[in-house]
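Student: I would like to go through this model and ask what lies behind the terms used for it.
Tutor: Good. Here it is.

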Amino acid sequence: MFQLRIYTLRSPGALQRYATVHWARHLATFETFGVITHGVWTERSGSANRLVALIRYPADADPEQLAQRIMTSPEFAADMAGFDVGDIIDVRTKVLDAMHFSPIR
């Protein structure tokens with residue numbers, strides 16, 4: 001099962017720090033928990049300060065429970081060290097099911 005995660009950051013600087021330092025660290029942390037990252041992008045429209053990530057959870061996982069487990073882990077805390085989480089002003093998630101013909105499944 002896939003999940004699209006959309007983070008809105010307070011400023012371009014916060015987006016740059018979050019994307020290049022802290023979210024980049026999440027790749028290894030997520031993999032530890034069986035979560036695969038298929039892509040991470042920043043939005044290029046107007047004044048949007050958004051990071052968009054496409055991740056895949058293990059087939060038998062409950063996304064909400066696993067996300068909570070990851071976010072309370074020491075690994076995740078280390079990923080976020082030095083970042084003011086108040087700079088993340090919104091997080092949206094969408095669970096996605098791949099169609100049988102999708103190149104990413």
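Tutor: Start with pairing: two strands pair if DSSP finds at least two bridges between them. Keep in mind that the model is predicted.

Student: What makes β1 and β3 a pair?
Tutor: The threshold is at least two bridges. Seven bridges join β1 to β3, residues 50–56, and the two run antiparallel. They pair, therefore, by that definition.

Student: Why is β1 called mostly covered?
Tutor: Buried means under 20% relative accessible area. Six of the eight residues in β1, which spans 2–9, are buried. So the strand counts as mostly covered.

Student: Which residues of α2 are buried, and why are they said to line one face?
Tutor: In α2, residues 63–71, they are Pro63, Leu66, Ala67 and Ile70. Seen down the helix axis, they fall within an arc of 100°, so they line one face. These buried residues pack against β1, α1 and α3.

Student: What does the face turned away from the buried side carry?
Tutor: The exposed residues Glu64, Gln65 and Arg69. Exposed means over 50% relative accessible area.

Student: What makes the approach of aspartate 62 to glutamate 64 a polar contact?
Tutor: The cut-off is 3.5 Å between N or O atoms. At the start of α2, a side-chain oxygen of aspartate 62 comes to within 3.0 Å of the backbone nitrogen of glutamate 64. The pair therefore meets the distance cut-off.

How values were computed. Residues numbered from 1 in each chain as written. Predicted model: local features only at pLDDT ≥ 70, side-chain atom pairs only at ≥ 80, totals over all residues. Heavy atoms only, no water. Buried < 20%, exposed > 50% of the residue type's maximum accessible area, 1.4 Å probe, protein only. Helix = DSSP H or I, 4+ residues; strand = E, 2+ residues; numbered from the N terminus. Arc of directions from axis to C-beta. Contact = heavy atoms within 4.5 Å. Polar contact = N/O pair within 3.5 Å; in protein donor to acceptor, adjacent residues only side chain to side chain.
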